[in-house]
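Please examine the sequence and the structure shown below. Then work through the exercises that accompany them.

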Amino acid sequence: MLVGVAVAYVLSAKLGFAMAFVGGNVSAVWIPSGLGVAALLVGGLRLWPALWAGAFLATADTGAPLLTAAGIASGNTLEYIVAAVVLRRLAGGVPTFRSVRQVVALAAVAAMAPAVSALLGTASLCLGGVAPWAIYWIIVKTWWLGDSAGMLLVTPLLVAWSQSRLPLHGQRMGELALLAALAAAASASIFGAQLWEADDHVFAYLMFPFLIWAALRHGIRGAATVVLAVNIPAIVFTAQGMGLFARPDQTQSLLLLQAFMTVAALTALVTAAALAERDAASDRARLLGHAVEQSATTVMITDPQGNLTFVNRAFVDLTGHRAEDVIGTNPRFLKTGHTHPDEYARLWETISSGRTWRGEFLNRTADGGVIWGLATISPVRDEDGRITHYIGTEEDITARKAGEARLRRALAKVERAKAELERVAYAVTHTLQEPLRGIGGFTQLIERRYGAQLDAEGRGYLQRVVESTHRMQRLFRDLMDYALIDQVQEVDTPVDLAAVVRAAVEACGGAGRVEVGPLPVVSGNATQLRHVMTHLIGNGLTYHPPGRLSRVTVTADRDTDMWKIVIADDGIGIADEYHDRLFNLFVRLHTEQEYPGSGVGLAYCRRVVERHGGAVGLESDPGLGTRVILWLPVPSTPEEIAA
């Protein structure tokens with residue numbers, strides 16, 4: 001690729017020198033400038049060495065000193081790099097010149113970037129003795145204009161034809177070739193036939209129908225091709241002192257020619273770009289129109305007075321109203337009376353002030369049914385800021401509303417059942433306490449009055465009745481606590497876990513057997529958390545092997561946004577297969593005679609921790625001990641962390 005670009009540069013330079021105006025070195029249209037910029041745009045900046053080598057060889061071939069050739073090559077290459085970088089930056093990549101903005105950017109770059117090589121190259125010519133300093137600015141101006149013309153004429157041509165995504169059609173290609181040939185022939189006849197006076201340069205603009213037709217029929221490729229076909233004869237004949245722009249003063253001839261080339265190129269390129277933008281906008285509009293028409297969401301467009309100008313197919317399918325029946329009418333025919341008039345007033349106030357309104361409607365269908373819709377209505381403004389239309393989109397949420405209603409009824413049913421269950425549980429735990437107290441009391445009276453008349457077995461029976469009564473009372477208390485976990489009336493407050501654990505240790509009688517590390521402040525219910533710690537610490541103290549008292553440690557660590565509270569003991573431990581079951585209600589692994597308990601405590605702990613937004617886990621080594629892990633949220637607000 002590097003060699004190919006360098007060879008192409010040398011060949012195009014020879015063609016440029018053939019059209020030189022000043023001293024055989026400076027051309028009115030420097031084709032290599034357009035080639036260089038196009039090469040860097042399409043192939044990337046990595047091709048700059050090829051451009052430098054091509055410029056060096058082409059200049060040295062004219063007999064210029066090697067240092068002069070190196071200076072000119074450096075100036076030219078820098079010009080091409082600057083132009084390519086600016087065009088890529090403005091286009092966000094390789095420009096296609098299919099937008100007016102990119103064509104204007106090309107014109108601006110072509111007007112300014114050649115200053116780099118014009119100043120450096122002319123200085124190299126003068127320093128090398130190739131040209132006198134007396135005509136320095138004349139050469140600069142000619143060089144500048146030549147490079148500018150090269151960019152305008154050649155860069156869009158090469159870039160456009162390198163765009164593989166633009167389709168090539170045989171019939172169109174033949175038509176374009178014929179058009180380019182006719183344009184070149186017409187240009188040659190106008191600029192080389194000497195059929196009119198030199199002042200009649202207005203005839204040059206007879207070329208414009210060819211340029212405009214190329215832009216209309218063949219886009220940017222056709223426009224760029226015909227621009228070059230029209231301008232090459234103009235350049236050749238003007239350089240030979242012939243044609244409409246030939247003047248005794250070469251500078252004047254050059255200026256007239258440059259004006260023609262610039263106007264011709266920009267006319268064709270801007271026309272082609274504008275048409276490409278129009279076609280792209282038309283394609284987008286057609287695509288959007290198809291998307292709107294096929295959308296499952298209802299789309300309605302009204303004029304500023306609220307009368308319908310468009311409805312899509314989804315509207316017809318959903319409401320049953322035909323488009324031809326409703327266009328021109330106000331959509332109030334959809335009203336069911338569900339929406340309050342004040343809401344309609346707020347709707348119009350919102351959209352007429354230029355804002356978007358969102359809300360729900362209960363609409364009536366053509367067959368008398370009703371449907372729920374989630375609507376969004378937005379104003380559309382013209383260039384002057386006036387509202388020209390309103391666009392309303394509406395999503396059918398009838399099924400969702402029905403589901404929400406079913407869910408509300410189900411939740412209400414669950415809440416009623418829950419409340420009833422809680423009332424029953426509360427009544428049972430309180431009502432059954434009375435006969436239990438009676439059983440316990442009368443059992444004790446029997447023991448005091450008739451204990452002497454009973455044998456040891458009879459007194460044992462009485463003792464078992466008393467113990468069972470106490471166990472039942474404890475079970476009822478635990479059940480009542482469990483049933484009322486979610487009925488706490490107090491608002492969660494900051495709870496100092498250190499104080500909670502101290503109270504739990506005192507309640508369990510574990511002084512001297514419980515080691516407590518630094519504990520945090522959490523947000524929650526102090527009473528419930530105290531019960532949790534009492535259950536867990538009590539379990540750790542209770543479940544110890546015969547003949548050895550167990551010890552308990554309570555520690556805490558920060559785990560991202562959660563506190564990890566560990567209650568560890570060195571008791572009998574729990575086998576792995578029982579870990580998942582233990583936090584369920586009434587699950588026990590031991591008899592009352594082995595270790596007392598109700599089977600409610602761990603289930604209570606799990607419910608309380610989950611109510612506080614946390615979780616509970618269990619780790620254990622049978623025979624070595626158990627670790628119950630509580631995760632509680634770290635308070636995030638000042639009110640939550642304030643002690």
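The model is predicted: local features need pLDDT of at least 70, side-chain atom pairs count only at pLDDT 80 or more, and totals for chains, interfaces and linings use all residues. Residues are numbered from 1 along each chain as its sequence is written, and side-chain values use heavy atoms, with hydrogens and water left out.

**Exercise 1.** Describe how helix α2 packs with helix α7.

*Solution.* Step 1: Two packed helices are described by the angle between their axes and the distance between the axes. Step 2: For α2 (residues 31-43) and α7 (residues 136-162), the angle is about 40° and the axes lie 6 Å apart. Helices (H or I, at least four residues) and strands (E, at least two) are DSSP runs, numbered from the N terminus; axes are lines fitted to C-alpha atoms, for helices over the stretch in contact, and angles run from 0 to 180 degrees between N-to-C directions. Step 3: α2 and α7 are therefore oblique to each other (angles under 35 degrees count as roughly parallel, over 145 as roughly antiparallel, 65 to 115 as roughly perpendicular and the rest as oblique). Step 4: The crossing of these two helices, α2 and α7, is right-handed (the near helix is turned clockwise from the far one by less than a right angle). Step 5: Residues in contact (heavy atoms within 4.5 Å) include L35 and L41 of α2 and M151 and L158 of α7. Step 6: By class, the contact of α2 with α7 comprises ten nonpolar, six polar and one charged residues (Ala, Val, Leu, Ile, Met, Phe, Trp, Tyr, Cys and Pro count as nonpolar, Asp, Glu, Lys and Arg as charged, and the others, Gly among them, as polar).

**Exercise 2.** Characterise the packing of helix α3 with helix α4.

*Solution.* Step 1: α3 (residues 48-60) and α4 (residues 66-91) pack at about 140°, with axes 8 Å apart. Step 2: α3 and α4 are therefore oblique to each other, and α3 passes α4 in a right-handed crossing. Step 3: Among the contact residues are W48, W52 and F56 of α3 and I72, Y80 and I81 of α4. Step 4: The contact of α3 with α4 has 13 nonpolar, four polar and no charged residues.

**Exercise 3.** Which strand order does the open sheet with antiparallel pairing have?

*Solution.* Step 1: The five strands of this sheet follow the order β4-β3-β7-β6-β5 (two strands pair if DSSP finds at least two bridges between them). Step 2: β4 (308-311) and β5 (357-364) stand at the edges with a single partner strand each, so one side of each lacks a neighbour in the sheet. Step 3: Neighbouring strands of this sheet are turned by 25° against each other on average, direction ignored. Step 4: Strand β3 (residues 298-302) is joined to β4 by three bridges, and T302 stands opposite L308 in β4.

**Exercise 4.** Trace the strands of the sheet with mixed pairing.

*Solution.* Step 1: The order of its five strands is β9-β11-β12-β14-β13. Step 2: Three bridges join β9 (residues 514-516) to β11 (residues 552-559) in parallel; V552 is the partner of V514. Step 3: Eight bridges join β11 to β12 (residues 562-569), and these strands run antiparallel. Step 4: In the hairpin of β11 and β12, T560 takes a positive phi near 55°.
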